[in-house]
Number of protein chains: 2
Amino acid sequence: MELKATLTARAAPVEAALREYLLVRPPENLYRAMAHIPLAGGKRLRPVMALLACELVGGDSAKAVPYAAALETVHNFTLVHDDVMDEDDLRHGVASAHTEFGVAAAINAGDALFAYAFEMVTDSDCSDALRAELVRHLAITVREIGEGQQMDLDFEERETVAPAEYLEMVRLKTSILFGSAAFGGARIGGADAREALELRQMAIEVGLGFQIWDDYLDATAPAETLGKPSGSDIRQGKRTLLVIEALDRAAPDDRARLAAILNGGDNSDADVAEAVAIMERSGALAACYERANSYLQGIRDTLAKYPQGEPRQLFEALLEYMVTRGH
Amino acid sequence: MELKATLTARAAPVEAALREYLLVRPPENLYRAMAHIPLAGGKRLRPVMALLACELVGGDSAKAVPYAAALETVHNFTLVHDDVMDEDDLRHGVASAHTEFGVAAAINAGDALFAYAFEMVTDSDCSDALRAELVRHLAITVREIGEGQQMDLDFEERETVAPAEYLEMVRLKTSILFGSAAFGGARIGGADAREALELRQMAIEVGLGFQIWDDYLDATAPAETLGKPSGSDIRQGKRTLLVIEALDRAAPDDRARLAAILNGGDNSDADVAEAVAIMERSGALAACYERANSYLQGIRDTLAKYPQGEPRQLFEALLEYMVTRGH
């Protein structure tokens, strides 16, 4: 709870920048559609990570605010387009952009948000050389996010996915944008490329841990902790690392039963509990727990190189939240 | 015909760059979807205009090739997304990206193309300061293209659109990317901002003339010239400047009849001929012809400031093609 308040306070300058960038102006239907999801909430983990990385290396995080806003804008443009691709109607507790404004306007608003993100990067308070470097870094990152998205689409058509393939998809689709937060924040803060790349790698591992922990919690945490029904991934038949590991490790009967539950349209609470029990006895739950925790050690080793102080302390708290929350 | 061959020859280095950038690699479904429309054809007007603007101001156009490729990539990402928004099945004589690869993959491929364009801009052979300036210019331009796209979507819901509103929509949706070609090409060629902005304005007027001339030809040119049935805009009930001017200028009976033809689903050749006759006697055809030609004079005045020579001559030939072809 205290961490949440700290995050909100730390995100405040980025929040203010986003509200200014996303002021509604003509044509209003465009700017309303652009502002809809970015200003509907979200934890602002990426921008806060960028600001903290900037401070961690001894920089002034005020200089990284436009870059941090750009990352949040990239994240939100992918959310707007993902909701169109997945035909999801809800996001952050509000109607998704295409539900509110129509598919064409949502695709267009996502494109305009994406363009805006690059404009924000060029607002960074740094040298022209670094501006050009950050644009290039972010452009390559977004293309690689597209690679991850396509892998995810491809997996839906396939019978089996190996754990390593799944992790590579998650690395591209969600983790490397955390990597960009640490990388760009550190570069703006004065870190050289080698140091910034080490922090990027650390943040990518945080992103991987975050996703695996999310999957783990969905199966194991009570509804009160999750803020949604427990086991919703299982009910939706989602292919998480937990599911992939369980199908990989379970005995033949268990594997068949788990597949039947995942493919079944209308599962009872008892079915979900049975799926979790199979995940447990196959060793998949333990394997995912181990894997999420294995990232933590590397992360702590990297952070240990930095002086004690508020940025490092907050960074540690943020990472622990992302990888061990609700446990 | 000779101009067409010259354009093809001039576009060759950009064509080669695009083929290299768009090499298919894993995940193949992404890169195949990305390459599909950009490599299916197109006149490469924007890249050629960028290279010619570079030479016009005395620069080496080889330095502008990555920027020119970026413009063609931006143009193609908007085509891929527009086809999804408009549910169009064909483009450049091949299946549109979403018809070939599915809606989700097409949206994602468009996003990845867009990201790639910014990476290409940073490949430009120029100073870091200019790289950052060109990224910012292109980012603002793409956001403004989104404004034009939204205006176009808004117009579909409205009873009437004024000619000035329509022209502003066309300026944003299609002309300013020609403006970016002239602007960026000239800047890479060594022009200062003032000179590059003057060439940008000229290219925007070319873009406006190009669109108006396209609408004019559709109603007046024979099928052999168009390479498609004459009057297809009328058959589709498209709201072009010609239609807007005709509805604005026609006598009440003619206006009602024209509206009925445009809203009618299944028009005969005689209906189309009647619509063209109404456009003729309302003065709309003449007004559009005048307007397209009015841009030409300003364009010629700007070009007249440059020394005679191949770049200026080719530029003139290109502009005449864009605004008076088929007449």
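What radius of gyration does chain A have, and what would a compact globule with 327 residues have? Chain A has 20 Å, which agrees with the value near 20 Å for a compact globule of 327 residues. The radius is taken over C-alpha atoms, and the globule rule is 2.2 Å times the number of residues to the power 0.38.

## Basis of the model

This is a predicted model, in which local features need pLDDT of at least 70 and side-chain atom pairs count only at pLDDT 80 or more, while totals for chains, interfaces and linings use all residues. Residues are numbered from 1 along each chain as its sequence is written, and chains are lettered from A and ligands numbered from 1 in the order in which they are written.

## Overall fold of chain A

The secondary structure of chain A comprises 16 helices and two strands; these are DSSP runs numbered from the N terminus, with helices (H or I) of at least four residues and strands (E) of at least two. Along the principal axes, the C-alpha atoms of chain A fill a box of roughly 60 × 50 × 35 Å.

Of the 327 residues of chain A, 54% count as buried. A residue is buried if 20 or more other C-beta atoms, placed from the backbone, lie within 10 Å of its own, exposed if 12 or fewer do, and partly exposed in between. Among contacts in chain A between residues at least 6 apart in sequence, 72% join residues at least 24 apart; a contact requires C-beta atoms, placed from the backbone, within 7 Å.

The same surface serves both copies, since 100% of the contact residues of chain A recur in chain B.

The contact takes 35 residues from chain A and 35 residues from chain B. On the side of chain A that touches chain B, the elements giving two or more residues are H2 (28–36), H4 (65–86), H6 (103–122) and H7 (128–156). The largest share of this side, 17 residues, comes from H7(A).

## Nonpolar core

The largest nonpolar core has 222 residues, of which A:Met49, A:Ala53, A:Ala109, B:Met49, B:Ala53 and B:Ala109 touch the most other members. Domain 1 (1–189) and domain 2 (192–327) of chain B both contribute residues, so this core lies between them. Such a core is a set of buried Ala, Val, Leu, Ile, Met, Phe, Trp, Tyr and Cys residues joined through C-beta atoms within 7 Å, and the domain bounds come from an automatic or database domain assignment. Leaving aside residues up to four places away in sequence, B:Ala109 touches B:Leu30, B:Ala33, B:Met34, B:Val80, B:Ala97 and B:Phe101.

## Helix H4 of chain B and backbone features

The 22 residues of H4(B) (residues 65–86) should span 32 Å at 1.5 Å a residue, and the end C-alpha atoms are 31 Å apart, which agrees; the expected span is 1.5 Å times one less than the number of residues. In H4(B), 20 of the 22 residues are buried. Just after this helix, B:Glu87 takes a positive phi of about 55°. B:Glu87 is exposed, with 12 other C-beta atoms within 10 Å.

A:Arg44 also has a positive phi of about 55° although it is not a glycine, but A:Arg44 counts as buried, with 22 C-beta neighbours inside 10 Å. The peptide bond from A:Pro26 to A:Pro27 is cis, with omega near -10°; the bond joining B:Pro26 and B:Pro27 is cis, with omega about -5°.

How values were computed:
Two residues are in contact if their C-beta atoms, placed from the backbone, lie within 7 Å.
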